Amino acid sequence: MSAIQQVLLLPLALLALQASLCHGACVEVDSDTEAVVDQGFKLGCISCKMRGEVQATATVNWFFKAEDEMDYAPLYFYGGQSGSVLDPRFFDRLDWNGSKRTDDLQDGSIYIKNVTFSDKGTYQCTFTRTLIYIRPNYEFEINRTKIIELNVVPKVTRGMASILSEVMMYVSIIGLQFWLVVEMIYCYRKIAAAGEEALRESAAEYLAIASESKDNCAGVQVAE
């Protein structure tokens with residue numbers, strides 16, 4: 001390997017090493033809002049920490065208000081790398097589905113098993129994050145709340161966005177196939193025209209050579 005190639009590959013190697021040391025990025029995505037009865041469902045709740053270099057700890061509190069209720073009831077608590085179900089209606093049906101093996105929580109999602117129609121209602125997810133600043137010795141608490149309106153249906157229903165996405169996918173496939181056919185025809189005609197031109201040039205060159213040979217032969221006979 002030449003010295004120039006080594007110089008060019010060095011930045012790539014450093015970039016790959018840096019990428020392997022980086023943590024996954026946090027992206028706040030809204031939770032799904034339609035669950036199917038007798039199936040599992042993930043209630044998503046993500047709260048990203050804006051400054052990754054600052055140490056922090058966080059706890060997550062979930063609350064539930066059924067469709068016919070006026071007040072929220074404590075549903076689930078997670079903190080110190082352990083969680084507990086607080087609502088008897090969800091005993092043995094609720095699991096933690098968020099950040100694991102860390103006190104710096106960013107994903108506070110939970111998972112409901114065997115969804116029932118009585119699970120329909122409003123869910124509230126509250127992050128309590130404590131930012132820890134070493135210099136100066138200072139702590140700052142932030143609370144973030146997200147609301148999820150959950151609907152429970154007897155079977156999977158397809159939304160209009162899903163139908164439109166599928167239609168657009170098929171339209172794109174058909175359009176690409178049509179474009180490929182047009183390109184193939186264009187290339188074939190171009191190659192065929194180039195071949196005909198080459199044949200004409202070859203024929204003209206052959207006739208010119210033959211005519212020159214004939215003239216040479218005639219000149220030799222006259223000289224004799």
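This is a predicted model: local features need pLDDT of at least 70, side-chain atom pairs count only at pLDDT 80 or more; totals for chains, interfaces and linings use all residues.
Author: Start with one cut-off: a residue is buried when its relative accessible area is under 20%.

Reader: Is C125 buried or exposed?

Author: C125 comes out at 1% relative accessibility, so this residue counts as buried.

Reader: Which cysteine does a disulfide join to C125?

Author: The partner is C45, with the two sulfur atoms 2.0 Å apart. C45 has a relative accessible area of 1%, so C45 is buried too.

Reader: Which parts of the chain does the pair of C45 and C125 tie together?

Author: Locate each end. C45 sits in the loop between β2 and β3, while C125 is in strand β8, so the link ties together parts 80 residues apart in sequence. The torsion about this S-S bond is about -85 degrees, so the disulfide is left-handed.

Reader: How many disulfides does the structure hold?

Author: Two. The other is formed by C26 and C48, with 1.9 Å between their sulfur atoms. C26 lies in the loop between α1 (3-21) and β1 (34-36), and C48 in the loop between β2 and β3, so this pair ties together parts 22 residues apart in sequence. The C26 and C48 link is left-handed, at -80 degrees about the S-S bond.

Reader: What is the pairing when the bonded cysteines are numbered in sequence order?

Author: The pairing is 1-3, 2-4.

Reader: Now the wider fold. How many helices and strands are there in the protein chain?

Author: Two helices and nine strands. Along the sequence, the pattern is α-β-β-β-β-β-β-β-β-β-α.

Reader: Which residues have the most contacts inside the largest nonpolar core?

Author: They are L43, W62, L75, Y76, I110 and Y123, in a core of 26 residues. Strands that each supply at least two core residues include β4 (73-79), β8 and β9 (138-153). β3 gives the most, with five residues.

Reader: What does I110 touch, leaving out residues up to four places away in sequence?

Author: Among its contacts are L43, W62, L75 and Y76. I110 also touches F41, L94 and W96.

Reader: And T130: where is its place?

Author: T130 is in strand β8 (residues 121-133). T130 counts as buried because its relative accessibility is 17%. Beyond four places in sequence, T130 contacts Q55, A56, T57, E139, F140 and E141.

Definitions and conventions
Residues are numbered from 1 along each chain as its sequence is written. Side-chain values use heavy atoms; hydrogens and water are left out. Helices (H or I, at least four residues) and strands (E, at least two) are DSSP runs, numbered from the N terminus. Buried means under 20% relative accessible area, exposed over 50%, partly exposed in between (1.4 Å probe, protein chains only). Contact means heavy atoms within 4.5 Å. A nonpolar core is a set of buried Ala, Val, Leu, Ile, Met, Phe, Trp, Tyr and Cys residues joined through side-chain atoms within 4.5 Å. A disulfide is a pair of cysteine sulfur atoms within 2.5 Å.
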